[in-house]
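Subject: Structure handover

Hello,

Here is the structure for your files. My notes on it follow below.

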Amino acid sequence: MQEITFDDVKNCENIRELVDHANHCLEMIGYTDHGPRHVGYVSRIAGEILRKLEMPDRRVELARIAGWVHDIGNMINRKHHGLNGAVMLFPILCDMGVPVSEASEICSAVGSHEEETGNPVSDISAALIIADKVDAHRARVRLKKYDMNDIHDRVNYSIQTTNLTVVDNTITIKYTMNTLASPMDFLSIYLTRMQMCEKSAEFLGCKFALYINDVKLNRWDGPDEV
């Protein structure tokens with residue numbers, strides 16, 4: 001049987017409808033972009049993390065698939081969207097011809113990516129968590145509804161560049177922010193997400209480093225200073 005690929009899932013009409021409707025529901029309640037731009041970024045970064053860590057090609061492909069579908073549960077409700085999405089996805093993936101073992105891997109990752117209830121449970125899950133949580137950028141702001149008083153809009157719109165690298169078992173995310181928001185503003189909404197990234201990096205046998213404007217904000221891993 002031919003393996004189901006990322007492109008097969010991305011081009012599936014039913015899944016495309018779910019991605020779009022979930023994004024529409026979040027737009028109605030004032031959330032940043034969770035549509036093709038966000039899930040495309042998460043898919044690409046999740047796959048890239050595992051590729052850089054020299055995981056098997058099929059694990060990379062499954063991470064890309066999980067990234068694309070991870071937010072469809074938002075069409076049911078923002079709360080527990082990971083759990084809802086995982087339950088919705090399983091029969092869809094199986095009907096597409098994804099083996100139960102691989103559908104289980106994808107759905108476990110989707111169901112474990114929320115910071116309120118999730119934890120990394122596999123390499124795919126850990127890569128998905130990191131890719132999802134580091135996606136902060138002005139491109140996520142819905143400009144027609146931009147609200148200067150909304151800290152999520154303001155923080156995201158202040159982020160001008162984002163760069164994630166995987167070098168020597170260190171996963172590093174670097175943001176460049178302007179003065180529209182401060183690193184403290186960033187941490188007020190992203191702290192638990194960054195902590196989840198640390199846990200996920202550790203699961204992968206890596207360290208996680210967070211930089212804003214070239215200043216490292218999380219734990220120091222170098223030699224002790226005198």
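**Salt bridges**

Asp 132 and Lys 133 are joined by a salt bridge, with their closest N and O atoms 3.0 Å apart; the term stands for a side-chain nitrogen of Lys or Arg within 4 Å of a carboxyl oxygen of Asp or Glu. Salt bridges with shared partners connect Glu 115, Asp 132, Lys 133 and Arg 193 into one network. Both Asp 132 and Lys 133 are buried (buried is under 20% relative accessible area, exposed is over 50%, partly exposed lies in between, with a 1.4 Å probe and protein chains only).

As for the basis of these values, this is a predicted model, in which local features need pLDDT of at least 70 and side-chain atom pairs count only at pLDDT 80 or more, while totals for chains, interfaces and linings use all residues. Residues are numbered from 1 along each chain as its sequence is written, and side-chain values use heavy atoms, without hydrogens and water.

The salt-bridge count is 14. One of them pairs Arg 142 with Glu 27, at 3.9 Å between the closest N and O atoms. Arg 142 sits in the loop between helix H7 (123-133) and helix H8 (151-158) and Glu 27 in helix H2 (residues 13-28), so this pair ties together parts that are 115 residues apart in sequence. Helices here are DSSP runs of H or I with at least four residues, and strands are runs of E with at least two, numbered from the N terminus. Arg 142 is buried at 15% relative accessibility, whereas Glu 27 is partly exposed at 27%.

Another salt bridge runs from Asp 123 to Arg 59, with the closest N and O atoms 2.5 Å apart. It links distant parts of the chain, Asp 123 being in helix H7 and Arg 59 in helix H4 (residues 57-69), 64 residues apart. Asp 123 has 12% relative accessibility and is therefore buried.

**Helix packing**

The axes of helix H6 (residues 100-111) and H7 come within 8 Å and cross at roughly 40°; axes are lines fitted to C-alpha atoms, for helices over the stretch in contact, and angles run from 0 to 180 degrees between N-to-C directions. H6 is therefore oblique to H7, a class for angles that are not under 35 degrees (roughly parallel), over 145 (roughly antiparallel) or 65 to 115 (roughly perpendicular).

Tyr 31 lies in the loop between H2 and helix H3 (36-52). Its relative accessibility is 34%, so Tyr 31 counts as partly exposed.

Regards
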